[in-house]
Structure formats: structure tokens, C-alpha cells
Amino acid sequence: MSSFLLIDMILLGLAAVVAIGVISVRSLLSATMLGGIYSLLMALIWQNMNAVDVAFTEAAVGAGISTVLLVGTLLHTRRETNQSPAIHWPALLTVVLTGSFLIYGTVDMPDYGDASAPIHTGRVQQLLGQRVGKVDNEGVHHAWTYSTMAEQSVERDEPERSFPPERSHGEDHGGDAEAGAHGHPNDDFKGHSPNTVTSLLAAYRGYDTMYETAVIFTAGMAMVLLLRRREERA
Amino acid sequence: MKDQVVLRVMTKLLVPYMLVFGFYVIAHGELGPGGGFQGGVILAAGFILYGIVYGKSELHRVAPRRVIDALAGIGVLLYAGVGVWTMLLGGRFLDYSVLPAADYGAAEALGMVLVEYGVGITVCTVMITVYDMISEEGRP
Amino acid sequence: MNLALLEPSTASFLKVASLAGTYNYALYVVLMMIGFYGVIAKKNLIKQALGLGLFSTGIFLFYISMGVVEGGTAPVWWTTDEAHLLKAAGPYDNPLTHVLILTAIVVSVSTLAVAMALIVNIQRAYGTIEEDEIRAIEDAEHPGEGVI
């Protein structure tokens, strides 16, 4: 067993224990603090899985802003929940049934970390490897279309279906002239984004991110409408 | 918490670094881990820390509500405006390759940076609004 | 025991039982179901919102787990020479799942914020945030109209 899997298992076990604590403690302040701990554990898990941007966001948002938000709510409401029965049997039954169906659904998933899983070999990956945030072959290539993209993928004789598609690249990097002939052209760090997460976020999924930003804006406006005191009228 | 000397001094020391780090994370989003979402939250954390320690009135002095509310909309408009700009230049919506830059890669980078700034502005101001509203006192 | 000789479903179950391949996916179900239990069983509205947060974190874990490549590194290209021109060969983890979850985390905190605003308003209107007490108040004020 690799150290990666060992750390992953330990952190996930801790996260499960903390999650049970979040649900079961009576004091809401304790639940909030356990929620912050849970978020930090998730950030560690994602760092372990190399999802650095996600870990960054979770540490800032989950452990920081969420905790402030929940503590602020507790100031307005109350610190403790009512005494409830220890185990809610219908809920437990529902949860166990749903959980076993979902686990039964995961048995056909590809192995954890399998590089030949469909998610790593599909059409999306070809698109990612070719275009997102890359310097183009001729330097300026304004009106590229899906047809030119398809041509270029045919031209390329490297195994571009594997992810990342440019993994065989490396030796032919002396001059720009020969770079276009084989492998991915101009695949150095001039003028485009080495962080593929950001380039995907802003370019490949630009529409999606725009509407996510609109969702955040709407949430802020909802907060203002629900909670802001009307000082002018008072 | 205005009477806590240690908190006040440490906040004055910490907040500039938090803000600079937030700007760094937004500006270097396409070079390393980070981006508009994370950087915006870090910027907002600086303001929230300042508001917690020095009080709401002081927070409203450094970040007036009108400015914060307006910036939340301006961030989204900046994002959508980049899309409209690319359409005016003859491309498709959010097709960064037509932006005026030295080459294709620079145009892509320009578009991504502008879009990240828009995201960062919106996320930062909305998070400040969230703190501001949730610590509001009295009935609406 | 040779797994290839067994029925496919039996072999898959043994694989899960031995934690060899897909234990991570089973654990995401566990985390999700802990949150789901909180949403169903707890009467307190803040507890329910926390349970929804746990539920969404389970889904995030599922997505990120799918993006992992064995021996992979973070999807930020790094160079192998001093002039920073040669990109390292990788393999890199799949960045697409990271992008999806990155935005989902920020959106989930936004929805949590709206939920908290609603809870504060409920506290102001009813004086409580326990679901059964709110229901009792509603029944007393509007008898015969059914539950909310």
C-alpha cells in the first residue's frame, strides 16, 4: 500500500468521524467548530489528491467564511438544539437503504486512479490537450473552427488520446520552426496559462463560470434583501 | 473587540499582508494554484477580520456599502463585458482569441486575466456583504 | 482467489470488500449519507443546513476521486530545465473535475449564506428555529390548514 493511499484512508476516516460529530452534538457552536475542522480535513484530502486549487478554495471558503457565517447566525438564534431521540430509526433505515444502493452503483466504477478510465480518455481530454489556453501553431490563428481542430488532431501522429496529450513532448523544443511539424507546437510557457485549472475555468468552461459568478452575485443580493435594515425609512 | 490591544495591533499588521496575498492569488491565477474565486475570498477575509476587530462602523468607513454593492455587480458585468467585447470584435461570445494582443496565446491570457478579475471582484464583495448582513442587528 | 473466474458482480463485490479498487467511492457514499441522515433526522434548521453541507462535500469527494491518475501530479505544468521551456511529461491529474468542484464550493457557500439569512428571518418571525415548534405555531395560528 502506497503512502498516498494510507494518508487518504486516515484522512477520510477522520473526516467520517468528524462528520458524525457535526450531526450528533447538541451544542450548535460545537457543531460549527467541528464543521470547520471537517473543511480543513477535506482541504488536506484534496491536497493529497493533487487538487491544489480545490484545496485552496476549501481552506479559504469552507473553514473561513462558512464558520464566520454560522457563528454570525448563532448570535441571532440560539446555542443549543432541543433534546432529540438518540437514533431516528426511519431516517437511519432510509439512509442505510440509499447508501447500500449507491455503494452497489459504485462497484462498476473504474479503479481508483486508473489512467485508462473513460474520464481520462474521452473527447473532452482531446479538446483540453489541443486548444485551451495554448499558443497557436502559427502564432496568430484567429478564426479557428471545429473543422480545423479536427484536421489538426488528424495531423498529429502522437498518441493524443492519452492524457495529458502532450506527454511525449519534450525533445523537439529547440526552434519554433520544427515545433509545428510534430508534437504540440509552441508548448512552452510563453503567453498562456500553465495552470490548466484556471484556463479551463476561464476559457473552456467560460459560460459556466460566468453563470456561477451570477449565482454568487444573486446570493449576495438575496442576503441584502433578506437582512438589510431599512435605515432610510426608519 | 476594540479594547483588546493585542488583537488591534495584530490585525493592523496582518490585514495588509492578507490583502497583498489576495491580489497575488488573483493576479497569478493562471500561473500557479489560485484564481479569482480563491483570491476574492482571501481579500474578503482581510476585510472581515478588520470588521470583526474594529467594528462594523469602521468597516463601513473603509468599505462603504454603496461601493461594495456596486462592485458586486461590476464584477459580473466585467465578465459578461469581455464576452460582449469579443462579439463586437467579430468572434463568438467569450472567444478570447480575437482580443487585441500580440498573438493568440497573449489574447487568451488577456481574456482569462480580465475574466478572473471580474470573478475576484464579485466573490470578494459578495463575501464582505455576507459578513456584513449576517452580523446585522435588529429587525429588518 | 482468481477474480477473473468469478461472476462479474461477485468479483466486483469482493473488490470492494477487499478495499482494493474503489473504497474511495464507498467512503463518499458514507459521508453523503451522514449528511443525509442529518437532513432527515434533525429538527434544528442549522443542523439541517450543516447536513446539506456534508452531503455536498461527499459529492465533491466523488468528483475529485474520479480525476485522480495513479502517479499523477497537480495539473499545473512544471518545467524540467532552468530556462523554463521544457514541460514535464506528467502524468497530470484530470483538471476538469477540479474546475467543476472549484466553482461548486463557492456556490455551495453562497447557498449556505442564503439559507442562514432565511434562518435568521425565521428566528425573527417565530422565535425558534426548531422545525416541530414552528409547525406547532403554524398549526395553532392557522388550524385546519395542514402542515407547512
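**Helix packing and chain contacts**

Analyst: In this predicted model, helix α1 (residues 5–27) of chain B packs against helix α2 (residues 36–54) of chain B at an angle of about 165 degrees, the axes lying 8 Å apart.

User: Are α1(B) and α2(B) roughly parallel or roughly antiparallel?

Analyst: The angle between the two helices is about 165 degrees. Because angles over 145 degrees fall in that class, α1(B) is to be called, relative to α2(B), roughly antiparallel.

User: How many nonpolar residues does the contact of α1(B) with α2(B) have?

Analyst: The crossing of these two helices, α1(B) and α2(B), is left-handed. Sorted by class, their contact has two charged and seven polar residues, while the nonpolar residues number 17.

User: Which residue of chain A forms a salt bridge with B:Asp69?

Analyst: Chain A and chain B bury about 4,500 Å² between them, with 69% given by carbon and sulfur atoms. On the side of chain A, the residues that lose the most area to chain B are A:Phe56, A:Ile65 and A:Arg228, together 14% of what that side buries. The count between these chains is one salt bridge, and with closest N and O atoms 2.9 Å apart, the partner of B:Asp69 is A:Arg228.

User: What is the N to O distance in the salt bridge of C:Glu133 and A:Arg78?

Analyst: The area buried between chain C and chain A is about 8,400 Å², of which carbon and sulfur atoms give 74%. Across this interface the rule finds two salt bridges. In the one that joins the side chains of C:Glu133 and A:Arg78, the distance from N to O is 3.7 Å.

Notes. Residues are numbered from 1 along each chain as its sequence is written. Chains are lettered from A and ligands numbered from 1 in the order in which they are written. This is a predicted model: local features need pLDDT of at least 70, side-chain atom pairs count only at pLDDT 80 or more; totals for chains, interfaces and linings use all residues. Side-chain values use heavy atoms; hydrogens and water are left out. Axes are lines fitted to C-alpha atoms, for helices over the stretch in contact, and angles run from 0 to 180 degrees between N-to-C directions. Helices (H or I, at least four residues) and strands (E, at least two) are DSSP runs, numbered from the N terminus. Angles under 35 degrees count as roughly parallel, over 145 as roughly antiparallel, 65 to 115 as roughly perpendicular and the rest as oblique. A crossing is left-handed if the near helix is turned anticlockwise from the far one by less than a right angle, and right-handed if clockwise. Ala, Val, Leu, Ile, Met, Phe, Trp, Tyr, Cys and Pro count as nonpolar, Asp, Glu, Lys and Arg as charged, and the others, Gly among them, as polar. Buried area is the accessible area (1.4 Å probe) that two parts lose on being put together, summed over both. A salt bridge is a side-chain nitrogen of Lys or Arg within 4 Å of a carboxyl oxygen of Asp or Glu.
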